[in-house]
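Hi everyone, thanks for coming. Let me put the structure up, and then I'll walk you through a pocket and a group of rings.

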Amino acid sequence: QVQLVGSGGGLVQPGGSLRLSCAASGIISSINMMGWYRQAPGKQRELVAIIFSGGTTNYADSVKGRFTISRDNAKNTVYLQMNSLNPEDTAVYYCYANLRPRSGSMSSYWGQGTQVTVSS
């Protein structure tokens, strides 16, 4: 069955960079989109960046110009390059995918979350 595994979080100083990765495992027929959401303590989960099957990307206004989402279709993997990080970026980052498994219908999947902490 399909599973999303995210990684790459950690502790970084303000102005630093991190690169998150998320791989979708299992037999997949098609992927509509993959991306990242984040949730800070006491706040609701919010969209960070999404990349669609055709290559179109969407970013939250707060990360435009600093974050870049990309993908490796052969590996069913999505990446989030995060530059110029600031403390407001501190959150648990969740990988997300809307896809169709081989034997199922289009469904949404969530990764387990990876902690990003930006602090001096």
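**The pocket and the rings**

Let's start with the largest pocket, which has a volume of about 160 Å³. Keep in mind that this is a predicted model, where local features need pLDDT of at least 70, side-chain atom pairs count only at pLDDT 80 or more, and totals for chains, interfaces and linings use all residues. Residues are numbered from 1 along each chain as its sequence is written, and side-chain values use heavy atoms, with hydrogens and water left out.

A pocket here is an open set of points on a 1 Å grid over the protein atoms alone, where a 1.4 Å probe fits, with protein on both sides within 12 Å along at least five of seven lines; lining residues have an atom within 4 Å of a point. The volume is the space filled by probe spheres set on those points, which are joined across faces, edges and corners.

Strands are DSSP runs (E, at least two residues), numbered from the N terminus. S4 gives the most, with seven residues.

Now for the rings. The whole structure has three aromatic pairs, meaning rings of Phe, Tyr and Trp (its six-membered ring) with centres within 6.5 Å; planes under 30 degrees apart count as stacked, over 60 as edge-to-face and the rest as tilted. Take Tyr37 and Tyr96: their ring centres are 5.5 Å apart and the planes sit at 65 degrees, so this pair is edge-to-face. Tyr37 is in strand S4 (residues 28–39) and Tyr96 in strand S9 (residues 91–101), so the pair ties together parts 59 residues apart in sequence.

Tyr37 also pairs edge-to-face with Trp110, at 5.0 Å centre to centre and 65 degrees between the planes. Trp110 belongs to strand S10 (residues 107–110), 73 residues away from Tyr37. Together, Tyr37, Tyr96 and Trp110 make one aromatic cluster.

Buried or partly exposed? Tyr37 is buried, at 17% relative accessible area, while Trp110 is partly exposed at 39%; buried means under 20%, exposed over 50%, partly exposed in between (1.4 Å probe, protein chains only).

Technical notes: Helix = DSSP H or I, 4+ residues; strand = E, 2+ residues; numbered from the N terminus.
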